[in-house]
Amino acid sequence: MAAETARQRLAPLAEEDTLSLGERAYRRLRESIVQGMLPAGRKISERSIATELGISAQPVREALRRLEQDGMVVTLPRRGTVVAEVGPAQLGELGRIRAALEGVACALAAERIDAGSLGALAAILKRMTAGTEAGDTEALDEANEEFHALIHRATGNLFLIRSLGSLRAYDHLGRHRAIGSTPRDLPKALAEHKGIVAALRRHDPALAEARMRHHILRSLVTNGVLPPPPRPMRRP
């Protein structure tokens with residue numbers, strides 16, 4: 001159908017990028033799905049995507065295999081590869097899984113993080129503070145990505161790093177659809193990030209895990225991905 005073929009074209013991949021073609025194609029396609037350029041149900045043609053990205057079909061095939069493992073695309077009989085439908089219930093389930101894994105990652109990081117990484121986190125917190133005061137959500141998003149990626153690397157656990165990398169795509173998708181977050185929530189997020197770093201400095205795995213898990217779950221509620229927790233009943 002004409003409506004299915006009309007969409008914004010993907011920009012060619014930059015030649016100077018040091019990542020592999022498969023990794024770059026994977027990230028570009030994932031970003032396009034998150035941003036809605038490739039909406040749910042859209043058929044994906046390896047040849048067309050390869051032409052738009054300016055690469056051969058093999059890296060695109062590799063990227064699509066990874067996206068299928070992530071659950072972001074599916075292969076259907078007689079239709080080929082299409083963008084998967086990710087509904088609110090699935091986003092909520094994946095958000096809970098991510099909260100648990102982020103907590104485990106933060107606990108491992110608390111045991112293994114070194115002074116250099118702690119210094120890098122302190123520098124990121126300064127940028128977060130400046131971004132919060134200025135209400136600069138773009139700068140905060142960038143700093144937030146670096147914050148979590150640094151903690152993931154500090155675990156030294158490749159499985160966790162890859163798993164959380166896949167799950168963060170759904171976090172971006174949830175935030176892209178979000179309607180609940182407001183500038184008033186920014187100081188709360190900053191305080192939570194500072195608390196996480198404080199727990200890491202103390203090398204306290206239990207505290208680091210609890211604070212990270214609370215931070216992720218609270219952000220999911222704020223963004224409307226999860227419902228608010230029930231209020232405790234008052235005793236008569």
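Residues are numbered from 1 along each chain as its sequence is written, and side-chain values use heavy atoms, with hydrogens and water left out. Because the model is predicted, local features need pLDDT of at least 70 and side-chain atom pairs count only at pLDDT 80 or more, whereas totals for chains, interfaces and linings use all residues. Helices (H or I, at least four residues) and strands (E, at least two) are DSSP runs, numbered from the N terminus.

The structure holds 9 salt bridges, a salt bridge being a side-chain nitrogen of Lys or Arg within 4 Å of a carboxyl oxygen of Asp or Glu. In general, side chains of opposite charge can pair when their charged atoms come close. One of these bridges joins the side chains of Glu 102 and Arg 98, with an N to O distance of 3.2 Å. Glu 102 and Arg 98 are 4 residues apart in helix 5 (residues 88-112), so about one helical turn separates them. Both residues, Glu 102 and Arg 98, are buried; the term denotes under 20% relative accessible area, while exposed denotes over 50% and partly exposed the range in between (1.4 Å probe, protein chains only). Arg 98 and Glu 102 also belong to a network of salt bridges that includes Glu 145 and Arg 168.

A further salt bridge is formed by Arg 127 and Glu 146, whose closest N and O atoms are 2.8 Å apart. This pair links distant parts of the chain, since Arg 127 lies in helix 6 (residues 115-134) and Glu 146 in helix 7 (residues 137-155), 19 residues apart. Arg 127 is partly exposed, with a relative accessible area of 37%, and Glu 146 is likewise partly exposed, at 31% relative accessibility.

Arg 202 forms a salt bridge with Asp 204, and here the closest N and O atoms are 3.9 Å apart. Arg 202 counts as exposed at 56% relative accessibility, whereas Asp 204 is partly exposed, with a relative accessible area of 22%. His 203 is found in the loop between helix 9 (186-201) and helix 10 (205-222). Although His 203 is not a glycine, it has a positive phi of about 50°. The relative accessible area of His 203 is 39%, so this residue is partly exposed.

A positive phi also occurs in the hairpin of strand 1 and strand 2, which has 3 residues between the strands. Strand 1 (73-76) and strand 2 (80-83) run antiparallel and are joined by 4 bridges; two strands pair if DSSP finds at least two bridges between them. Within this pairing, Val 73 stands opposite Val 83 in strand 2. Arg 78, placed in the loop between the strands, has a positive phi of about 65° although it is not a glycine. With a relative accessible area of 84%, Arg 78 is exposed.

Arg 30, by contrast, is buried yet has no salt bridge. The nearest side chain of opposite charge is that of Asp 70, 5.4 Å away; Lys and Arg count as positive and Asp and Glu as negative, while His and the chain ends are not counted. Arg 30 lies in helix 2 (residues 21-34). Leaving aside its neighbours within four places in sequence, Arg 30 is in contact (heavy atoms within 4.5 Å) with Leu 67, Met 72, Gly 165 and Ala 169.
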